[in-house]
Amino acid sequence: MHDPRVLLDPATDAVRRLARRGFALDTASLEKLLAARNSAIGRGDDARGEAKRVATSVKGASSEERPALVERARELKSVVAAAEEEHRTCEAELHELLLGIPNLPADDLPDGASDADAELVRSWGEPVEIEKPLDHVDLGEKLGILDLPRATKLSGPRFAVLRGRGAKLERALARYFLDLAEQHGYTEFSVPTLVNAAAMTGTGQLPKFEQDLFKTGVDERALYLIPTAEVPLTNLHAKETLAAEDLPLAYTAHTPCFRSEAGSYGRDTRGLVRVHEFSKVELVRVVDPARSRAELEILLSHAEACLQGLGLAYRVVKLAAGDIGFSAECTFDIEVWLPGQHAFREIASASDFGTFQARRAAIRTKAKDGTRGFAATLNSSALPIGRTLVALLEQGQQADGSVRIPAALVPYTGFDVLRPA
């Protein structure tokens, strides 16, 4: 959510910055609504001020003067009511307009609107080169740990069933990531996976991306299945004022996540890469806005530590201005090497939202000197369990058909290799 006055301030350069992400800012509508709202507020304030003066005059007025003053009081009451109604209408229209305006991209992002325009930041590890590599689906089926046909029988396409050591490996990854998060100072939460519209609006999923969400109930009983634990973790402090000296706050949670993947049909339909339900460990930081970019680097290092601990080769890219998410002002993608596709594929995104989400969710701050403002929010996956499992299988595959398990996971799994069933 934006302050409309900031968007219209030439110093903000909002039109140019939003154009970099393919969004045309309608400044005429914004100016018109803001002027109408301010005019309604002004008329209401003037009428209330005059009404006070008339009320005072009535007390000392003569019998001849009183009827006219009473009539004027009635007129002013109608003026105030009309001004308040216009104010509410303008405020609602302005709010709706602002909800649809994405965050301003940082100026240091590369130009472009696709992953081909991303800027390579760094690489870690050597991409595994395997002669005739199998992809994770073939590996999972040969190992007897992945059953897609039965998942389809249960729920339809884009669902998965893991069995035996596959299910245990999924649980082990979640525990390992949570332990790493705790070592980095994150407080673990267990949060609802059904949230209300206000929570979805606070982090930017609503209203723009409603078709990507799974919804239950109607009207005031409507709830949404979370697409990421970012939603409940960030909204823990919605409509609260935080002590500035208590920042940063670092939160983590392991939850199932649900996405309809509207508009993605035909892409990554095979296996675990793009499914409707998956589990993920999420990292969220609530910080001082002046430190948000520095905090983003810290957050990114925590997500990278998950892959480094597993010995999985990856690279980090800075997304182009036209390719970042609706609420983000800067995003780094971590792309893991998948020998089965002979390509790097996105496994996690670390984003700085600035004060964008905090304004929508009303997460305010107050310093000891009384200075008030909004917090900055950041989040990253650490990591999605399914996509990490994909990378483990493909990078760990051996010539005899087995898959080597990273040493860091063995204390959680109790085994160091997966063999064909």
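Mentor: Axes are lines fitted to C-alpha atoms, for helices over the stretch in contact, and angles run from 0 to 180 degrees between N-to-C directions. The model we are discussing is predicted.

Trainee: How are the axes of helix α5 and helix α12 oriented, roughly parallel or roughly perpendicular?

Mentor: The axes of α5 (residues 136-143) and α12 (residues 385-396) come within 9 Å and cross at roughly 80°. Angles of 65 to 115 degrees count as roughly perpendicular, and therefore α5 is, relative to α12, roughly perpendicular.

Trainee: Which residues of α12 does α5 meet?

Mentor: The contact of α5 with α12 involves four nonpolar residues, one polar and one charged. From α5 come His136, Leu139 and Leu143, and in α12 they meet Val390, Leu393 and Glu394.

Trainee: How far apart are the end C-alpha atoms of helix α4?

Mentor: Helix α4 has 34 residues (residues 66-99), and at 1.5 Å a residue it should span 50 Å.

Trainee: Against which helices do the buried residues of α4 pack?

Mentor: Among the buried residues of α4 are Leu76, Val80, Ala83 and Cys90. The buried residues of this helix pack against α1 (4-8), α3 (27-60), α8 (197-203) and α11 (356-361).

Trainee: Which strands are the edge strands of the open sheet?

Mentor: Eight strands form the open sheet, with mixed pairing, in the order β1-β11-β12-β13-β16-β10-β9-β4. An edge strand pairs on one side only, and this holds for β1 (119-124) and β4 (187-188).

Conventions
Residues numbered from 1 in each chain as written. Predicted model: local features only at pLDDT ≥ 70, side-chain atom pairs only at ≥ 80, totals over all residues. Heavy atoms only, no water. Helix = DSSP H or I, 4+ residues; strand = E, 2+ residues; numbered from the N terminus. Expected span 1.5 Å × (residues − 1). Buried < 20%, exposed > 50% of the residue type's maximum accessible area, 1.4 Å probe, protein only. Contact = heavy atoms within 4.5 Å. Parallel < 35°, antiparallel > 145°, perpendicular 65-115°, else oblique. Nonpolar A, V, L, I, M, F, W, Y, C, P; charged D, E, K, R; others polar. Pairing = 2+ DSSP bridges.
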